[in-house]
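Please examine the sequence and the structure shown below before reading on.

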Amino acid sequence: MTSPSSSVTAPGDIEAAVTAAVSTGIPAALSDLGTLVRIPGVAWPAFDQTQLVRSAAAISELVEATGVFDSVRVLRAAIPGTDEVGQPAILARRAARNGKPTILLYAHHDVQPPGDDELWETPPFEPTVRDGRLYGRGAADDKAGIMAHIASIRAVAETLGDDLDLGIAMFIEGEEEYGSRSFAQFLSDNEDALRADAIVVADSGNWDSATPGLTVSLRGAVRFTLTVRTLDHASHSGMFGGAVPDAMLATIRLLNTLWDENGSVAVEGLTVRDAATPEYSEETLRDETGLLPGVTPIGDGTILSRIWNKPSVTVIGVDATSVAAASNTLAPETTVVLSCRIAPGQSADDAYAALQTHLRAHAPFGAELSFSDADLGNPFLVDTSGWAVGLVRGAMEDGYGTAPVDLGIGGSIPFIADLVERFPGAEILVTGVEDPHSRAHSPNESLHLDTFRHAVATEALLLTRMNEITL
């Protein structure tokens with residue numbers, strides 16, 4: 001794509017009117033967000049899947065009501081390699097006019113499971129405002145992203161009216177938290193409707209509640225199930241303990257080889273990215289994570305380099321005898337789920353191969369290992385030299401009143417690699433409404449209300465300025 005011609009800044013009076021429309025529209029946007037939070041749309045099969053149908057229908061109505069789209073549809077795509085289809089997604093599009101660009105706005109309407117309700121100070125699906133934050137599952141991740149898109153479109157459409165020539169596509173996915181299993185097929189099925197010059201992925205975070213962040217790097221993800229076997233049947237721990245290695249002993253010894261003495265990943269073949277990071281103190285880390293006073297951070301190098309540019313390995317699930325059912329038995333088999341984040345610049349395939357090689361080489365006592373349910377996602381690095389990156393940085397500075405920070409993110413958005421592959425000419429802009437205290441995926445997830453207002457203003461200014469561009 002060639003660089004845009006003409007001005008990249010809309011006239012000041014138009015921008016002032018758009019910003020005023022954003023402020024006026026925030027109460028309605030938050031009310032609509034509360035309505036969406038009340039719908040417990042979780043893509044895990046153990047949950048009521050009709051809630052995702054409800055959620056998709058509600059969002060489709062909100063998108064339709066903006067009045068700017070030529071078409072609004074709720075669609076599903078097949079999950080490759082299965083007889084299943086994915087969760088319902090919303091796809092909307094309006095055609096660009098008079099040589100204007102097209103922008104694709106992405107978010108997702110499915111949410112993480114709530115977890116233990118007793119850990120929530122208020123019910124997870126009952127939106128509650130306290131101390132300047134809106135609490136509820138999905139209030140930040142990522143139903144706020146959906147409403148940031150809708151609220152910004154409302155403000156721009158109200159202000160520009162028939163002068164809105166910008167092409168806009170919207171894709172609200174329904175299974176991001178469950179691995180985006182039909183994502184690539186959805187892109188293939190709807191390639192023309194999704195095609196755009198710039199893509200906003202509103203599913204990331206900010207430097208803090210007052211300072212915007214543009215995500216320019218994301219770690220990749222390797223998630224898999226590991227089963228360790230040492231016996232063909234359970235045996236009495238008193239009769240044979242001390243001579244026969246049980247599966248739990250072997251598993252503990254094996255997992256311990258994944259890290260060195262200070263907690264850094266010790267797997268040969270996992271790479272590290274060499275890149276500078278902003279200043280970030282241990283005190284800030286403790287504040288943002290709830291690290292207990294007597295617990296020390298792990299790893300080496302700057303704190304952000306450990307989170308943004310180095311691999312990590314986390315045991316996120318264990319199948320073993322429960323405490324309630326404990327008996328004097330040598331367990332023949334133990335199963336764990338490992339979630340590994342990999343540094344930008346390394347392929348997920350290579351990282352998974354390195355992890356398998358390491359685990360097989362370090363299996364204690366000749367334990368048998370098997371691997372299954374692998375889910376791989378490549379890391380991502382943004383090309384920050386493009387015209388749209390400059391445009392969004394300017395919109396962030398004006399929308400928040402402070403200059404943005406380029407962020408690396410320790411988490412992963414694997415489907416971005418699919419977007420890059422399908423639309424190589426599009427610029428990817430990874431933004432978000434979360435702040436470090438949002439607790440996405442955790443009990444008491446929340447949205448900072450002022451951050452939301454600033455995020456809506458930012459996106460409305462971005463749309464307004466893109467409307468002034470001629471390709």
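In what order do the 3 strands of the open sheet stand, and is their pairing parallel or antiparallel? In this predicted model, the order is β4-β5-β18, and the pairing is antiparallel. On average, neighbouring strands here are turned by 25 degrees against each other, direction ignored. Strand β5 (residues 133–135) is joined to β18 by 3 bridges in the antiparallel sense, and R133 stands opposite H448 in β18. Helix α13 (residues 449–466) packs on this sheet and touches β4, β5 and β18. The direction of α13 makes about 65 degrees with that of β18.

Helix α13 also packs against α3, at an angle of about 50 degrees and with the two axes 8 Å apart. An angle of this size makes α3 oblique to α13. Their crossing is right-handed. Residues of α3 in this contact include M147, A151 and V156, while those of α13 include F452, V456 and L463.

A further partner of α3 is helix α1 (residues 12–37), which packs with α3 at an angle of about 140 degrees, with axes 7 Å apart. Here too the crossing is right-handed. Among the residues that meet are I14, V18 and L33 in α1, and A144, M147 and L160 in α3.

The discussion now turns to the nonpolar cores. The largest nonpolar core has 94 residues, of which I103 and F452 touch the most other members. Helix α3 (residues 143–160) gives the most to this core, with 11 residues. Another core, of 24 residues, lies apart from the largest one, and V228, L254, L258 and A354 are among its members.

A second open sheet consists of 4 strands in the order β11-β13-β9-β14, with antiparallel pairing. Its edge strands are β11 (312–319) and β14 (368–377), each pairing on one side only. From one strand to the next, the twist averages 20 degrees. Strand β9 (residues 220–229) and strand β13 (residues 333–342) pair over 10 bridges, and G220 stands opposite I342 in β13. Helix α7 (residues 247–256) lies across β9, β11, β13 and β14 and runs at about 15 degrees to β13. Helix α10 (residues 348–361) packs on the sheet as well, touching β9, β11, β13 and β14, and its direction makes about 165 degrees with that of β14.

Two loop positions complete the account. Beyond its neighbours within four places in sequence, S182 is in contact with A77, A78, I79, G86 and E175. G299 is found in the loop between α8 (282–289) and α9 (303–308). Although G299 and D260 are 39 residues apart in sequence, their C-alpha atoms are 8.8 Å apart in space. Residues up to four places away in sequence not being counted, G299 touches N262, G263, S264 and R306.

Methods: Residues numbered from 1 in each chain as written. Predicted model: local features only at pLDDT ≥ 70, side-chain atom pairs only at ≥ 80, totals over all residues. Heavy atoms only, no water. Core = buried A, V, L, I, M, F, W, Y, C linked by side-chain atoms within 4.5 Å. Buried < 20%, exposed > 50% of the residue type's maximum accessible area, 1.4 Å probe, protein only. Pairing = 2+ DSSP bridges. Axes fitted to C-alpha atoms, helices over the stretch in contact; angles between N-to-C directions. Contact = heavy atoms within 4.5 Å. Parallel < 35°, antiparallel > 145°, perpendicular 65-115°, else oblique. Left-handed = near helix turned anticlockwise from the far one by under 90°.
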